[in-house]
Amino acid sequence: MNWINNVVRPKIRSFLTTKREVPENLWVKCPETGQMVFYKDLEANQFVVPGSNYHMKMGSRARLTNLFDGGAFEQVTVPAVAQDPLRFRDGRRYTDRLKDARTKTSLDDAVLVGEGTLDGRTVVAAAQDFEFMGGSLGMAAGEAVVTGMLRAVALKAPFILFAASGGARMQEGILSLMQMPRTTIAVQRLREAKLPYIVVLTDPTTGGVTASYAMLGDIHIAEPGALICFAGPRVIQQTIREQLPDGFQRAEYLLSHGMIDMVVHRHKMRETLSRLCSLLMHGASVEKSKARRGNGKAQPNGSLDGKLIETTAIELEPVEDADRFTAPDDDEASGKERRDQPRN
């Protein structure tokens with residue numbers, strides 16, 4: 001009877017019905033307007049809903065592909081960390097949650113680091129993926145951010161971070177919170193090397209990520225409508241028992257209150273980042289050169305960290321005695337002024 005159940009009945013069923021299986025993500029509904037958008041069209045539009053300009057969540061690999069020239073980048077290898085140091089288990093084992101997240105996103109953890117070129121300039125970028133356990137900050141994610149920043153220092157290149165996170169990863173406890181000071185120290189390495197650190201805040205950026213490296217950039221850019229906060233508006237409203245203003249903790253609200261530098265549409269993000277990297281790196285090169293104008297040749301003038309510093313020295317030409325000008329003494333000048341004055 002197996003051949004009847006497995007072969008004959010499915011064929012008869014296929015003749016009697018025309019219903020086909022439709023992929024779950026074939027159509028996407030806009031959370032703001034309810035508009036139904038074909039997934040391929042949404043993907044081609046960088047996950048921005050055409051009618052409402054609502055910015056949907058975007059995966060880390062898609063962000064780096066849209067950032068680098070030709071969509072090509074080399075993934076930076078991140079050192080391995082302990083998978084389940086606390087042997088945490090709530091409703092499920094932490095290791096099982098990690099396996100599901102890796103199968104769903106094809107990522108090792110929440111942060112993907114890549115290096116490539118942006119309009120011909122070498123750039124290192126890291127992107128957090130909210131689909132991987134809410135983009136939470138754990139040991140592996142913190143190690144990825146630190147590795148990316150140190151890679152930028154080694155290449156003397158700008159570092160760009162796309163932040164999207166729900167906060168620290170509770171399954172790793174205090175070890176997750178320790179990533180906040182570790183990433184802060186890595187940011188300091190970028191500053192000591194005088195390299196630009198640009199942060200792009202996407203929806204949502206909350207919790208420990210906001211309290212650490214996401215708010216330590218040289219320039220902070222946000223996507224339209226992105227939620228950026230430490231504690232969410234619902235928690236704050238329940239705590240203070242007051243009605244919050246419209247758009248509270250959204251990108252436009254933070255821009256008007258001086259918390260971020262600009263709000264940029266996703267379609268203009270790449271050219272904005274390219275322009276900022278060009279300006280900041282040009283300013284750094286001018287500051288490092290410190291050349292003075294003169295009519296001489298560049299001559300060595302000391303060293304810094306074992307490297308020779310070249311400055312422009314002025315070579316003075318000899319002047320004949322007859323061409324020299326000697327300034328008169330103060331007494332002679334004052335006496336001459338008195339003699340030249342007419343007498344009454």
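In this predicted model, α4 provides three residues to the lining of the largest cavity, the largest share from any element. The elements that give two or more residues to that lining are α4 (94-105) and α5 (139-155).

**Cavity**
- The count comes to one cavity of 30 Å³ or more.
- The volume of the largest cavity is about 50 Å³.
- Its lining consists of V81, A82, Q83, Y94, L98, R102, D109, M139, A140, R169 and E172.
- Sorted by class, the lining of the largest cavity has six nonpolar residues, one polar residue and four charged residues.

**Nonpolar cores**
- The largest nonpolar core holds 33 residues, and those with the most contacts inside it are M149, F159, Y197, L201 and Y213.
- At least two residues of this core come from each of β4 (111-118), β5 (121-128), α5, β6 (159-165), α7 (179-192), β7 (197-205) and α10 (251-256).
- With six residues, α5 gives the most to this core.
- Beyond its neighbours within four places in sequence, Y197 is in contact with M149, F159, L161, V187, L190, Y213, A214, L216, G217, D218 and I219.

**S136**
- S136 lies in the loop between β5 and α5.
- Is S136 buried or exposed? S136 counts as buried because its relative accessibility is 7%, and the cut-off for buried is under 20%.
- Leaving out residues up to four places away in sequence, S136 touches A110, A141, S165, G167, A168 and R169.
- The C-alpha atoms of S136 and Q171 are 10.0 Å apart in space, and the two residues are 35 apart in sequence.

**Whole chain**
- The protein has twelve helices and eleven strands.
- Of its 344 residues, 36% count as buried.
- Among contacts between residues at least 6 apart in sequence, 63% join residues at least 24 apart.
- The accessible surface of the protein is about 21600 Å², and 52% of that surface belongs to carbon and sulfur atoms.

Methods: Residues are numbered from 1 along each chain as its sequence is written. This is a predicted model: local features need pLDDT of at least 70, side-chain atom pairs count only at pLDDT 80 or more; totals for chains, interfaces and linings use all residues. Side-chain values use heavy atoms; hydrogens and water are left out. On a 1 Å grid over the protein atoms alone, a cavity is a set of points where a 1.4 Å probe fits but cannot get out, and a pocket is an open set with protein on both sides within 12 Å along at least five of seven lines; lining residues have an atom within 4 Å of a point. Grid points are joined across faces, edges and corners, and a volume is the space filled by probe spheres set on the points. Helices (H or I, at least four residues) and strands (E, at least two) are DSSP runs, numbered from the N terminus. Ala, Val, Leu, Ile, Met, Phe, Trp, Tyr, Cys and Pro count as nonpolar, Asp, Glu, Lys and Arg as charged, and the others, Gly among them, as polar. A nonpolar core is a set of buried Ala, Val, Leu, Ile, Met, Phe, Trp, Tyr and Cys residues joined through side-chain atoms within 4.5 Å. Buried means under 20% relative accessible area, exposed over 50%, partly exposed in between (1.4 Å probe, protein chains only). Contact means heavy atoms within 4.5 Å. Accessible areas come from the Shrake-Rupley method with a 1.4 Å probe; for residues, only the protein chains shown count as cover.
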